[in-house]
Amino acid sequence: MENNRENPFYIHKGKNHLRYLSIILLIGFSILGIYSIQFAGYVMLLVPIAAIFGLLSIQFPFISLYNHCFVIEKKALLKKLSSSEVFRYRDLKGIDLIKGYVNWPHMIIQTMFGEGGYGGFSKPDQMRLTLKNEKNVIIYRFGGRKEFENLISNIQKKIMPST
């Protein structure tokens, strides 16, 4: 936070199981690539380099709610690759939950015909923030659906008294 160091009253974290699995796999690829240099030559040096770039691009999302604002943080392994965005409650006009969907029949048919990689059969839950300057900010859901809905209701409680 800026100058004051208050503690958040609510923290929403993502379910990071796939991120942890990705870290383990990328470290394994790095070790395997370095080990295989002696068998396949220096061409295999590309594998650990690509895995290191993959490791650096993994970010862990958090949303922390404070009394006067909320902060969206994406923490990476390197501090320079981390990002944060601050939204003050007084600058928000409204907040909406846009429910996502999965079109299961479409997904099954596309997968059966080998075209599942083209996508187009699902949309994630979204939080739409409407700022007072009429700008919309879309934040995709991370974590569980119930926790995400709880986060939105907590933000709505903070916005309503100020409008």
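In the predicted model, the buried residues of helix H1 pack against helix H2 (37–40), helix H3 (46–57) and strand S2 (59–65). These buried positions of H1 are Ile23, Leu26, Ser30 and Gly33. Viewed down the axis of H1, the buried residues fall within an arc of 100°, so they line one face of the helix. The other side of H1 carries the exposed residues His17, Leu18, Ile24, Ile31, Leu32 and Tyr35. Helix H1 comprises 19 residues, and the distance from its first C-alpha to its last is 27 Å, close to the 27 Å expected at 1.5 Å a residue.

Five salt bridges are found in the structure. In one of them, the side chains of aspartate 96 and arginine 128 meet at 2.9 Å, N to O. Aspartate 96 belongs to strand S5 (residues 92–98) and arginine 128 to strand S8 (residues 126–131), so this pair ties together parts that lie 32 residues apart in sequence. Both partners are partly exposed, with relative accessible areas of 32% for aspartate 96 and 29% for arginine 128.

A further salt bridge joins lysine 99 to glutamate 149, with 3.1 Å between the closest N and O atoms. Here too distant parts of the chain are linked, since lysine 99 is in the loop between S5 and strand S6 (101–102) and glutamate 149 is in helix H5, 50 residues apart. Glutamate 149 is partly exposed, at a relative accessible area of 26%. Apart from its neighbours within four places in sequence, glutamate 149 is in contact with Leu97 and Lys99. The C-alpha atoms of glutamate 149 and leucine 97 are separated by 7.5 Å, although the two residues are 52 residues apart along the chain.

Helix H5 (residues 145–162) also takes part in the salt bridge between aspartate 125 and arginine 145, whose closest N and O atoms are 2.8 Å apart. Aspartate 125 is placed in the loop between strand S7 (122–123) and S8, 20 residues from arginine 145. Aspartate 125 is buried, with a relative accessible area of 3%, whereas arginine 145 is partly exposed at 38%. Together with Arg141, Asp125 and Arg145 are linked in a network of salt bridges.

Key:
Residues are numbered from 1 along each chain as its sequence is written. This is a predicted model: local features need pLDDT of at least 70, side-chain atom pairs count only at pLDDT 80 or more; totals for chains, interfaces and linings use all residues. Side-chain values use heavy atoms; hydrogens and water are left out. Helices (H or I, at least four residues) and strands (E, at least two) are DSSP runs, numbered from the N terminus. The expected span of a helix is 1.5 Å times one less than its number of residues. Buried means under 20% relative accessible area, exposed over 50%, partly exposed in between (1.4 Å probe, protein chains only). The arc is that of the directions from the helix axis to the C-beta atoms. Contact means heavy atoms within 4.5 Å. A salt bridge is a side-chain nitrogen of Lys or Arg within 4 Å of a carboxyl oxygen of Asp or Glu.
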